[in-house]
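This report examines a single protein chain.

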Amino acid sequence: MEQAITLDVRKRAGKFSRPVELDLLRRGEKGNVPLTVCITKDGAPYDLTGKEVYLRSKTSQGRVVFDDVESGIAIVNAKGGVVSHTLPPGFASEPGAMVGYYEVRQGDFFLDTTESFTASVVHDIDLSAEAAADYIPKFDRITAEAQTATAAANDAAKSASETNESVKSAEAERAEQERARVGSESSRAEAEAARAKAETSRASEEGKRATAEAGRASGEASRQSAETSRVAEEGKRASAEADRASKEAARRSAETSRASEEGKRATSEAGRASSENARQSAEAARVEQEGARNAAESVRAGSEAARAKAESSRVAEEGKRATSEAGRASAENARATKETARQSAEAARAKAESARATEQAKNNADQALNNAAMAKVAPYICAPGEYDASTLMPTISGEPNRTYFVPAEQGPGNKYIEWMLIGGSWEMMGVSQVDVTAIATDQIDQVAADGSPVGESVLNLSGLSYLWAKVKAAFAAKVHRHSAADVTGGVLPVKFGGTGATTSAGIIQAAGVTATAQELNYMDGVTSNVQGQLNGKAAASHAHSYAGSSTSGGAATSAVKLHTARSISLSGDATGSVNFDGSANVQIALAIAALAVKTGMIADSAITAAKILDGTITTAELANLAVTSAKIADGAVTSAKIADGTISTADLANAAITNAKLGNGSVSAAKLEAALLKRITDLEGFRDSVSQKLWTGSLGRGEAVTVPGLAGAKVIGLRFEYGPDIVHPIVLKSGETTFGVTEQDGFGSYWDEVSFYGRITVGGNSVSCSKCGMWISRSTGLGNPFVLVAGDNHTITEIWRIL
């Protein structure tokens, strides 16, 4: 039942104070519970150099059990504060809760006490087990010293009895009387022994009472120690008194011898006086020796009884030692079994590690193949000399499915022409350049002057306005008039003011005159009906005005049409032609030359979606952030049009993705696991019912434990010594994992903040701890914190598997 515990001299009180608890004991057990006690101060080893350690404990019924260095408490590592101690007899003498602590002293000076530890003592079946009694080793040592002194007195009395055997026969009658006196003296001595026993019992009871009061105040404990010292001094005084009595007897013997010598010297004086003196001296010596013999006999009988009891106790202790040795052998066998299991586990771990290394090597090889494959499809920017400078076509031997970029400045956001090797030939991807140069006014002037300029310029609105002005300046209006002088050829119909003929006869005929010229000559001066016919006619000499003109021979302001239709042609960035005679409006059908329209020539919102053919505009032709959500029609963007990895978490509004928007199998276990790990990391802690507890014990700095069922865990839970009833989640990392968790609790007008920190390494089922610390700070206000407890020598008490 060997156990190891750690006790700190800084006693804690409050919700985080939990005494160290030993394994269960059974009533009557003693000598078979070796402890290794590590005494610390604020988590650091307590230096026990030059100091002594004492046990102070109390049973469930309030009986005290003490132990000290002389009774079995050994300091095995003074600098490390390590003490070896086997629990004394009486520690498990009563069923119930046992509580104890260790006291550190230096000589007679009290230094420190440790925090308490407890032990639960259960009932046994043997009703004859050791009865509960106070166990104070100093009292036992005093009793042993008294027994030694008694044995010495017994030997002295025996020697004196043998020396004076001859005197007994001479004084038979007086001896009888003396015997009666001795009997009376013996009764007195027995009464004195009873009184001494009662005094010892009283002192024991006083010690019990003092020890029972030890838990109430440390000052009372000092008084108990003083009382124990007084009892010890009383024992020493009794021993000294016995020694004094022995010396007094010796002195009297010497005095008797001296008197005998004096009698011999007086023999020459008087034989009778000498004989009488000798008789009296012998009688006195006999009486003295008889008293001493009786006292020694009484002491011897008591010592014999004590020896028999001690022998019985020794036999019992030997039996317990044998039992303990058998237990130790069993424990050693169990340790050997565990060592075999550990070696098997280590071999399995090494095998698993080898398999992991093999798997890692395979993963590395697969990754290298993936990297090589990705390198073959990564975009390639051609350097000078790797493409034709005039056609901008790559001249290198390319790889299928790979995009090659040729530098060609084509405006903002379009610095390259993209090529791809398809079927062994280079294919340009998309339109590389559009150039729309407006026709100049001098070029329009050349066209109006019947010139024939060439080029790719296009007619824009400004050019068209200028052309229309030139056309209007070059041609008369649709309705206009001409003076007769303007008519140089042809026949002007009568209805338009002409003669309708080129000869006089023709004119007369055209005018509807049937008379001949001769006949008309006859009409000169006639005013009859002929005159009436001539009324409203022009005089023989008159002038005509052209259409729209207010004066004869003025410019005509309108005309029905051109006499000869004209062909109007456009060339440059836009081409087209139409015949125009001025009789009606005409339209020119323009054909815009390739690259003739520049971006600056297009008005805002002039180009709508309906005017753009599907597939005409590629991603490379769009500026960053040019397409906003407002410009995208509902349902226009499907999942097939979104490349993998294009949309990040930051691009999604809160609660934007609902269950209805997730397809079956679209969320993988790996993605859920990553999200769960992130969520667990944000937790401050959770209660015991959350997951599965795998291990309970004590894991401190520099220690390692095996936790079955932990292999493969990615998130574990830890609970700490003196911590609240909370398991803290820790996300494991490759190699060493550093953790730090905090818990806050309020208590009325103040609050406590408890933090645990450290480093652990988890491999398979093995957990090792390189550091584990704790600090508790308390504050009575937001700006008034102070540290209650701090230290790096802390322990993990529970390990859970969460994920």
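How far is the sulfur of C769 from the closest cysteine sulfur, and in which residue does that sulfur lie?

## Cysteine pair

The closest cysteine sulfur to that of C769 belongs to C772, at 5.0 Å, which is too far for a bond. A disulfide is defined as a pair of cysteine sulfur atoms within 2.5 Å, and by this rule the count comes to zero disulfides.

C769 is buried, at 3% relative accessibility, and C772 is likewise buried, at 0%. Buried denotes under 20% relative accessible area, exposed over 50%, and partly exposed in between (1.4 Å probe, protein chains only).

## Basis of the model

The model is predicted: local features need pLDDT of at least 70, side-chain atom pairs count only at pLDDT 80 or more, and totals for chains, interfaces and linings use all residues. Residues are numbered from 1 along each chain as its sequence is written, and side-chain values use heavy atoms, with hydrogens and water left out.

## Chain overview

The protein chain contains eleven helices and 28 strands, taken as DSSP runs numbered from the N terminus (helices: H or I, at least four residues; strands: E, at least two). Of its 803 residues, 26% are buried.

Contact means heavy atoms within 4.5 Å. Of the contacts between residues at least 6 apart in sequence, 60% join residues at least 24 apart.

## Residue T403

T403 lies in strand β14, which spans residues 403-407. T403 is buried, its relative accessible area being 18%. Beyond its neighbours within four places in sequence, T403 contacts A378, P379, Y380, E418, W419, M420 and M429.
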